[in-house]
Amino acid sequence: MSLPSRPLSAAIFDMDGTLVDNMRFHVQAWVAFSRSLGLESPAERFEREFNGRRNAEIIPALLGRPVSAEELVQLEERKESHYRELYAPHLRLLRGGHEFLTRLRGAGLKLAVASAAPHANRAFVLDGLALRPFFSQVVGAEDVKRGKPAPDAFLAAAKALGVDPSACVVFEDAVNGILAARAAGMFAVGVTTLIPAEVLREAGAHWVIPDFASLPAEFEQLLFGAP
Ligand SMILES: O=P(O)(O)OC[C@H]1O[C@@H](O)[C@H](O)[C@@H](O)[C@@H]1O
């Protein structure tokens, strides 16, 4: 693995499954949503194939037909309001998150969120946990044409931050997200809230962590210098 040849200047965070350990609630809501439409879709499909994609891509693929903008709004709200209801009692930042974000900010890194989540879900997590002050940019589902594994969301975040993609590190839990970060030419850290470390490594993650309190020493040094 080749390490950055110059200091990293920005950190871009995926939201669902990365800042918060909520993917099992998303998957539960997706399975219930599918059943309510008379479809049987296994949980693995949402964990692997769809995780990181936008609802505008997931819902037509699930239904096997195009969906009008109006119907998409209705179907999306049905699934997402159920997800928020399921996850609300458990809403909390991933272990070590607050301290890590504070240290990154203190070290002068620019911080952004790049998520496939729609507006209401971003507000639910980012406002619910008072995280907005950490991030100077938030890129969401409606800001890009193509969801992950396309690099669009991460490239949009780097552009908004005014940094070169090669100076960015991405934190991601989804295989599609790791692929997107690498396609954007960024360094990728896999977060194993849902997907096993070897799968994230195989997708291209340079480092893999269970949470933000467990950074490999080498990576910690890269971000913050020698202890
Ligand atoms: O890009 P993020 O923050 O991981 O968001 C991904 C998720 O966004 C949600 O809105 C979708 O309903 C999920 O199925 C999807 O996996």
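This text walks through the fold of one protein chain, from its overall dimensions to a few local features. The model is predicted: local features need pLDDT of at least 70, side-chain atom pairs count only at pLDDT 80 or more, and totals for chains, interfaces and linings use all residues. Residues are numbered from 1 along each chain as its sequence is written, and side-chain values use heavy atoms, with hydrogens and water left out.

Start with the whole chain. It has 10 helices and six strands. These are DSSP runs numbered from the N terminus: helices are H or I with at least four residues, strands are E with at least two. The C-alpha atoms fill a box of roughly 55 × 35 × 30 Å along the principal axes. The radius of gyration is 17 Å, which agrees with the value near 17 Å for a compact globule of 227 residues. That radius is taken over C-alpha atoms, and the globule rule is 2.2 Å times the number of residues to the power 0.38.

Next, burial and surface. Of the 227 residues, 52% count as buried. Buried means under 20% relative accessible area, exposed means over 50%, and partly exposed lies in between (1.4 Å probe, protein chains only). The accessible surface comes to about 10,000 Å², and carbon and sulfur atoms hold 52% of that area. Areas come from the Shrake-Rupley method with a 1.4 Å probe; for residues, only the protein chains shown count as cover. Among contacts between residues at least 6 apart in sequence, 68% join residues at least 24 apart. A contact means heavy atoms within 4.5 Å.

Now the aromatic rings. A search of the whole structure finds 18 aromatic pairs. Rings of Phe, Tyr and Trp (its six-membered ring) pair if their centres lie within 6.5 Å; planes under 30 degrees apart count as stacked, over 60 as edge-to-face and the rest as tilted. Tyr-87 and Phe-124 have ring centres 6.1 Å apart and planes at 75°, so this pair is edge-to-face. The pair links distant parts of the chain: Tyr-87 sits in helix 4 (residues 69-87) and Phe-124 in helix 6 (residues 119-127), 37 residues apart. Both Tyr-87 and Phe-124 are buried.

Phe-100 and Phe-171 are also edge-to-face, because their centres are 5.5 Å apart and their planes lie at 75°. Phe-100 is in helix 5 (residues 97-106) and Phe-171 in strand 4 (residues 168-172), so the pair ties together parts 71 residues apart in sequence. Phe-100 counts as buried at 3% relative accessibility. Phe-171 is buried at 0%.

Turn to helix 8 (residues 175-183). Its buried residues include Val-175, Asn-176, Gly-177, Ile-178, Ala-180 and Ala-181. The buried residues of helix 8 pack against helix 2 (43-50), helix 7 (152-161), strand 4, strand 5 (187-191) and helix 9 (197-203). Just after helix 8, Gly-185 takes a positive phi of about 80°.

Finish with the backbone. Most residues other than glycine have a negative phi, and most peptide bonds are trans. Ala-130 has a positive phi of about 55° although it is not a glycine. Ala-130 lies in the loop between helix 6 and strand 3, and it counts as exposed at 52% relative accessibility. The peptide bond from Lys-148 to Pro-149 is cis, with omega near 20°. Pro-149 lies in the loop between strand 3 (137-139) and helix 7.
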